[in-house]
Amino acid sequence: SKSLSLCRYMLEMARDWALHRREPYPIVKEKVSVLLKMLTFETRGDTLFNAYLELIYDIYTEPSLRRSDLTTKLESAFLVGCRARDPILREKFIDLLDVSVPRSLSSRLSYILGVQSWEPLAEVPWIYLALHLLLGTIDPDTPLLSDRKASLSAFASTTSSSQKRVQDIIRPMQRLLFLDPFVAHDIWVSLFSAAWSSISRREQSDITHQMISLLSKDYHSHQAELRPNIVQTLLTGSNACTPAMTFPPHLVKYLAKAYG
């Protein structure tokens, strides 16, 4: 329907189904079907779509629905919330994702490269979200010592260095990476190679297999014309690693042809 009033009514009905009604009908499969079709609200204006994303967020923060079939099957809608145009709404989704993933470096690398399916974000350069998770492994309370890094002297001069923590740089950076895919690309290349050198050889082997599998996904083709696209970012980051990541030659040849 092109009627905004009807769509709003349907959205409120879906909210009641998802959060309040406990009758056996509609079943979870039917609720999910309706809610996923409502992703088309993205073309109906920010007001309606933001209201839809607020419902998805409320479903994921409702204690009675935690780890339920409903939240499992709505994962694609949740990821769409992580690219919402509204910054406050987008950060709510990303923060919720951040607290749901273990904070160890190996766990987050494995999640980014091997666990999470990024298909719902296939048309956007989603490396900003991977970077948010990777930056989340850093201890936020580590003191920022300006005498060790000359480049930080201007930043530290605003207050005494004893009052500054790593979180004062990391948290704003996590928020801003969404805005510039070129900056996100450069930071991923630098950060991924540093992370690679900090994990064990066995973990490096596991990560390599996960990277090969991720690079082989067909859904990356949706952003083949983007510069930088996700394949370019992942390959450039991999190429910066020491010791080098080793990929099958036929995969590299295919990626070179398909993604530039």
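**Figure 1. Overview of the chain.** Read along the sequence, the predicted chain follows the pattern α-α-α-α-α-α-α-α-α-α-α-α-α-α, with 14 helices and 0 strands, where helices (H or I, at least four residues) and strands (E, at least two) are DSSP runs numbered from the N terminus. This is a predicted model, in which local features need pLDDT of at least 70 and side-chain atom pairs count only at pLDDT 80 or more, whereas totals for chains, interfaces and linings use all residues. Residues are numbered from 1 along each chain as its sequence is written, and side-chain values use heavy atoms, with hydrogens and water left out. Taken along the principal axes, the C-alpha atoms fill a box of roughly 60 × 55 × 30 Å. Of the 260 residues in the chain, 40% are buried, a term that stands for under 20% relative accessible area, as against exposed for over 50% and partly exposed in between (1.4 Å probe, protein chains only). Among contacts (heavy atoms within 4.5 Å) between residues at least 6 apart in sequence, 71% join residues at least 24 apart.

**Figure 2. Helix H1 and its buried side.** Helix H1 (residues 4–19) has 16 residues and reaches 22 Å from its first C-alpha to its last, close to the 22 Å expected at 1.5 Å a residue, the expected span being 1.5 Å times one less than the number of residues. Cys7, Leu11, Ala14, Trp17, Ala18 and Leu19 are the buried residues named in H1. They lie on the same side of H1 because they cover an arc of only 165 degrees around the axis, the arc being that of the directions from the helix axis to the C-beta atoms. Ser5 and Tyr9, on the other side of H1, are exposed. The cover over the buried residues of H1 includes helix H2 (28–37), helix H3 (46–61) and helix H4 (69–73).

Figure 3. Cysteine 7 is buried at a relative accessible area of 3%, and cysteine 82 is buried at 0%. With a disulfide taken as a pair of cysteine sulfur atoms within 2.5 Å, the count comes to 0 disulfides.

**Figure 4. The surroundings of threonine 208.** Threonine 208 lies in helix H12 (residues 201–215) and is buried, with a relative accessible area of 12%. Leaving aside its neighbours within four places in sequence, threonine 208 is in contact with Trp196, Met245, Thr246 and Phe247.

**Figure 5. The largest pocket.** On a 1 Å grid over the protein atoms alone, a pocket is an open set of points with protein on both sides within 12 Å along at least five of seven lines, a cavity is a set of points where a 1.4 Å probe fits but cannot get out, and lining residues have an atom within 4 Å of a point. Grid points are joined across faces, edges and corners, and a volume is the space filled by probe spheres set on the points. The largest pocket holds about 600 Å³ of space and is lined by 16 residues, of which Tyr60, Arg67, Thr71, Leu96 and Ser100 lie nearest its centre. H3, H4, helix H5 (75–81) and helix H6 (87–100) each supply at least two residues of this lining, and the largest share, 4 residues, comes from H6.

**Figure 6. The largest cavity.** The count comes to 1 cavity of 30 Å³ or more, and the largest cavity contains about 50 Å³ of space. Its lining consists of Arg90, Glu91, Ile94, Asp95, Tyr128, His132, Gln174, Arg175 and Phe178. H6, helix H8 (127–135) and helix H10 (167–176) each supply at least two residues of the lining of the largest cavity, to which H6 gives the most, with 4 residues.
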